[in-house]
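Here's a quick tour for anyone meeting this structure for the first time. Take a look at the sequence and the fold, then read on.

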Amino acid sequence: RQRQMCIRDRYKDAGKGTPHGQALVADAYAPKDVALDELEEVGAMAVDMAVEEEGKSQEEGIAGNKAAEEQGDSPEGQVPETAVQETARIARTKKSPVGMTAAEWQTHCLTHLPYNPACRCCVAGRKRDDQHRRRTMDPVDINTEGKESICADYFFPKDAPGKEGVTAIAICDHQSGWLAGHVVDSKGSGTPEAVGHVLRDLRRMGHHGKIVVKTDQESAIIDLLRAVAKERGEARTVFETAARSDSKGNGEAEKAVQSIEEMVRTLMVDLEERCGEPLSVTEPFFEWLMEHACDLLNKYHVRKGNQTAWEAIKRGPYTGDVYLFGAPVMHRLSGPVQGGVVHERWNDGIYLGTQFSSGEHIVAMPDGKVVRARAIQPKPEGVPTTKASLDVISSSPAGGSGVITQKSSSPSKK
């Protein structure tokens with residue numbers, strides 16, 4: 001510190017009578033009076049003094065601003081606007097759905113696709129829980145590209161927890177996203193109807209050669225698919241099973257089950273509202289309703305690639321008509337008709353869906369027989385859908401459907 005004071009004295013003495021810059025230069029070139037390290041200390045002290053003076057000026061400015069605010073230096077003595085503003089978080093809410101016109105509502109009710117939050121049946125049957133905001137993993141999508149393969153799994157629709165239900169199987173094609181769902185008598189390979197369903201689905205998907213089948217390790221589903229592989233003959237069938245206790249190992253099949261259940265639930269709610277009575281999954285019509293639900297998803301639900309499963313397989317959109325499930329209709333006789341015959345050519349029935357290969361409409365007659373018809377005519381809106389017309393259905397999708405021609409008074413099976 002004594003050396004610093006000495007340097008300050010020399011600095012003052014050198015600056016007497018001369019400009020400040022000249023005194024510093026003269027002192028710097030004095031070899032005996034000032035050492036190099038002392039010059040460095042002189043420069044550092046000068047910088048420190050400049051910083052102290054700048055800090056004091058800033059503090060004085062801030063103090064002056066505070067004093068001006070306290071004394072009301074703003075125009076007309078008003079308090080600045082920043083002093084009265086509040087901060088708050090923006091609340092999050094859901095917008096009310098936009099309603100549909102009468103024409104839009106009538107068209108939407110035919111398929112209930114796409115999902116519309118303004119439709120009570122869509123909300124009651126297909127509305128999902130709110131997504132977890134922090135989830136970063138995308139859900140498994142059933143429309144994935146890859147080898148020619150399918151996935152399958154059992155599920156069990158029921159009216160309510162603890163109520164009696166039915167056994168069903170869901171099948172999904174990897175490449176096209178084609179969905180198939182069928183009600184079966186029981187699990188395992190002991191039901192020829194289930195084997196026939198799967199074989200028919202493979203032909204619809206275009207799988208006539210080697211396929212890879214992915215399932216979980218449940219013995220019942222493996223036994224069923226082994227029976228299917230046996231019926232396929234020389235066509236090779238390769239099995240892949242998910243790891244035990246791996247909930248996501250067969251995620252595509254679980255996603256397929258979820259999609260089918262949502263659509264079935266939506267159609268059930270819509271049908272109950274039109275019937276005005278509660279319905280059950282154990283009733284004969286339910287097997288046809290599940291077939292129709294999958295048919296709607298395949299023809300109208302747009303997946304990845306901006307195409308439906310029908311378009312992926314058929315190379316073009318579906319151009320046929322569709323009607324409300326269970327709606328009263330008139331259906332025309334199949335095949336050619338002879339002129340001059342005064343017998344009626346159109347019969348009463350209820351709409352159950354569409355046949356895959358021919359595009360014919362599937363209709364249940366008042367006596368319970370299920371037939372195919374090329375042309376149908378909806379009845380006026382005032383004609384209701386009744387539970388009684390659904391209860392008389394005596395044929396299932398596994399039993400096939402028949403046709404009524406002019407020459408036959410009863411349908412011929414196919």
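How many aromatic pairs does the count come to? The answer is 6 aromatic pairs, where rings of Phe, Tyr and Trp (its six-membered ring) pair if their centres lie within 6.5 Å. We'll come back to one of these pairs after a word on the model.

## Before we dig in

This is a predicted model, so to speak of a local feature we need pLDDT of at least 70, and side-chain atom pairs count only at pLDDT 80 or more, while totals for chains, interfaces and linings use all residues. Residues are numbered from 1 along each chain as its sequence is written, and side-chain values use heavy atoms, with hydrogens and water left out.

## Rings that meet

Back to the aromatic pairs, which come to 6. Tyr 300 and Tyr 318 make an edge-to-face pair, with 6.3 Å from centre to centre and 85° between the planes. For the labels, planes under 30 degrees apart count as stacked, over 60 as edge-to-face and the rest as tilted. This pair links distant parts of the chain, 18 residues apart: Tyr 300 belongs to helix 9 (residues 285-300), and Tyr 318 to the loop between helix 10 (309-314) and strand 6 (328-332). Helices (H or I, at least four residues) and strands (E, at least two) are DSSP runs, numbered from the N terminus.

How covered are the two partners? Tyr 300 counts as partly exposed because its relative accessibility is 27%, whereas Tyr 318, at 17%, counts as buried. Buried means under 20% relative accessible area, exposed means over 50%, and partly exposed is in between (1.4 Å probe, protein chains only). Both tyrosines belong to one aromatic cluster, together with Trp 178, Trp 310 and Phe 356.

Lys 299 lies over the face of Tyr 318, 3.8 Å from the ring centre, and the charged end of Lys 314 sits over the ring of Trp 310, at 5.3 Å from its centre. The rule here is that NZ of Lys or CZ of Arg is within 6 Å of the ring centre and within 35 degrees of the ring normal.

An open sheet of 5 strands runs in the order 3-2-1-4-5, with mixed pairing. Strand 3 (179-184) and strand 5 (237-241) stand at the edges with a single partner strand each, so one side of each has no neighbour in the sheet. From one strand to the next, the twist averages 25°. Two strands pair if DSSP finds at least two bridges between them.

Strand 1 (residues 149-155) and strand 2 (residues 167-173) pair in the antiparallel sense over 6 bridges. Ala 152, for instance, has Ile 171 in strand 2 as its bridge partner. Thr 167 also lies in strand 2, and it counts as buried because its relative accessible area is 16%. Leaving out residues up to four places away in sequence, Thr 167 touches several residues, including Tyr 154, Phe 156, His 182 and Lys 187. Contact means heavy atoms within 4.5 Å.

## Helices across the sheet

Helix 8 (residues 251-275) lies across strand 1, strand 2 and strand 3, at about 60° to strand 1. Helix 9 lies across strand 1, strand 2 and strand 3 as well, running at about 175° to strand 3. Axes are lines fitted to C-alpha atoms, for helices over the stretch in contact, and angles run from 0 to 180 degrees between N-to-C directions.

Helix 9 is mostly covered, with 14 of its 16 residues buried.

## Helix 6

Helix 6 (residues 192-205) has 14 residues, which at 1.5 Å a residue should span 20 Å, and its end C-alpha atoms are 20 Å apart, so the two agree. The expected span is 1.5 Å times one less than the number of residues. Buried residues in helix 6 include Ala 194, Val 198, Leu 202 and Met 205. Gly 206 follows helix 6, and its phi is positive, near 90°.

## Loops with a twist in the backbone

The loop between helix 4 (102-111) and helix 5 (120-126) holds Pro 114, and the peptide bond from Leu 113 to Pro 114 is cis, with omega near -5°. His 112 is in the loop between helix 4 and helix 5 too; it has a positive phi of about 60° although it is not a glycine.
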